[in-house]
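Hello,

Please open it first and then read on.

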Amino acid sequence: MKKITWTVFLLLGILCVFLILNSLGIFDYGKISPDEGFPVHAEQRAAAVNRNAVWRIAVLGTCTDQSYLSEVAQGIGRTALLLNMEGGILGKPLEITYAEPPDDSYATRLAVQKLCARPEFAGLIGPVSTSRLREVRALSQYYALPALALFSLLSPELPVLKPDIFGTLYPTRLLLDPLVRKLREMKCCNLLFISAGTESYSSVFTNMLTETLRQDPFFREIHRIDFIPPANDSHFLQPLKRLYENTDIDAILFMDTPENLQVFGRVMRELGITLPVFGNDLLAVSTLPHYIRECEFPLYYVTFQGNILPEEIAGRYAALFRRSPGIKEQFGIMGCLLFRDVLEELKRYEPELVGKKLKERSANYFSDRRHRIELVIREVKPSGKGATGNEK
């Protein structure tokens, strides 16, 4: 009997400790309360932002890493400086806060949630990774933080959010047309796609392109091999050998990075396959020659070039920093300018209105004659010794 009594007292004691800790909010970290949501956070954010003496924008990325993300972040930071030199936005200076979430999905969610939960932020730029877009988009919407992804691809398979305050600027669909034209020009109608089988840019881009090709009667057969990065020879050797020997393939579309293309090229050489290979803008990096120096097939990839900024902004930027911005910097600049344009149009800050206008402007940016984007197909020809020749 005594044992039962002590057990009851112990359980009651544990329950009391739990209730006390819960009342202090100890267990609320990382938790989304069902009685809160967009309306509550939108009201809190509007009050905090309108009360602030500065516009605070969060950026998922830093200027210190070695990836192209640092160039984007640099464009954002320099544009904020340029705008502040001219009086800011509606008389308030712009302040940029950089945050680089870890690669791990759960760690990313916690880092982004802490960022989104701060009501003083007026907007968010990021993420740069398509694989992180789903969670960042959902958190941004829940916490009523208008967001714009500059390089991430928004999959049409993602759930609909209401209200949707998350915009994407990167004109991915425009990249499809040059690839389709080149395939038709070279009479390549039986295709093999190679892509990363995850929620990555590679996979979503492949889904969009194959959907486009299936609607065109010119293209007959479309095959696909998915792999989980990082690639190794076993991902490609047997599937590629089987398809090459048993189907008609005119061209291969490799929708992933130069590092993984190097592995694929090694397998192509082992199997003696010299079919033309097409890639997307993931191959548009300065280190590409290093990764394909042993490839023995012609390579084509689509990329952007030139100036995609309003001429006035491009001129002022070049005059202030004594050089013209690169294409990745330009996307960062554009992201910053879109926030400015929306705020100046509305004259006040309301998260839902800001998000709606930001989404509209980013979707129509490249339909505007003032913001033309130039796309080119670049060709890399293999030399007789397996090294790459001239690029044109």
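Where is the place of Pro127? You will find Pro127 in the loop between strand 3 (121–125) and helix 5. Before you go further, please keep in mind that this is a predicted model.

I began with Pro127 on account of its backbone. The peptide bond from Gly126 to Pro127 is cis, and its omega is near 10 degrees. A cis peptide bond also joins Lys162 and Pro163, with omega at about -5 degrees. Pro163 belongs to the loop between strand 4 (147–149) and strand 5. Leu90 sits in the loop between helix 3 (68–85) and strand 2 (94–99).

Next come two helix pairs.

Helix 4 (residues 105–116) packs with helix 5 (residues 133–142) at an angle of about 25 degrees, and their axes are 10 Å apart. Angles under 35 degrees count as roughly parallel, so that is the description for helix 4 and helix 5. Their crossing is right-handed. On the helix 4 side, the residues that meet helix 5 are Ser105, Thr108, Arg109, Val112, Gln113 and Cys116, and their partners in helix 5 are Glu135, Val136, Leu139 and Ser140. By class, this contact has four nonpolar, four polar and two charged residues.

Helix 8 (residues 233–246) and helix 9 (residues 258–271) have axes that come within 9 Å and cross at roughly 40 degrees. These two helices are therefore oblique to each other. The crossing of helix 8 and helix 9 is right-handed. Helix 8 brings Asp233, Phe236, Leu237, Leu240 and Lys241 to the contact, while the residues from helix 9 include Val263, Phe264, Val267, Met268 and Leu271. The contact of helix 8 with helix 9 divides into eight nonpolar, one polar and four charged residues.

Finally, there is a pocket to visit. The second largest pocket has a volume of about 390 Å³. Its lining is made of 21 residues, and those nearest its centre are Thr168, Tyr170, Pro171, Thr172 and Arg173. Strand 5 (166–168), helix 6 (172–185) and helix 13 (351–364) each give at least two residues to the lining of this pocket. In that lining, 12 residues are nonpolar, seven are polar and two are charged.

Enjoy exploring!

Best wishes

Notes
Residues numbered from 1 in each chain as written. Predicted model: local features only at pLDDT ≥ 70, side-chain atom pairs only at ≥ 80, totals over all residues. Heavy atoms only, no water. Axes fitted to C-alpha atoms, helices over the stretch in contact; angles between N-to-C directions. Helix = DSSP H or I, 4+ residues; strand = E, 2+ residues; numbered from the N terminus. Parallel < 35°, antiparallel > 145°, perpendicular 65-115°, else oblique. Left-handed = near helix turned anticlockwise from the far one by under 90°. Contact = heavy atoms within 4.5 Å. Nonpolar A, V, L, I, M, F, W, Y, C, P; charged D, E, K, R; others polar. 1 Å grid on protein atoms, 1.4 Å probe; cavity = no way out; pocket = protein on both sides within 12 Å on 5 of 7 lines; lining within 4 Å. Points joined across faces, edges and corners; volume = space filled by probe spheres on them.
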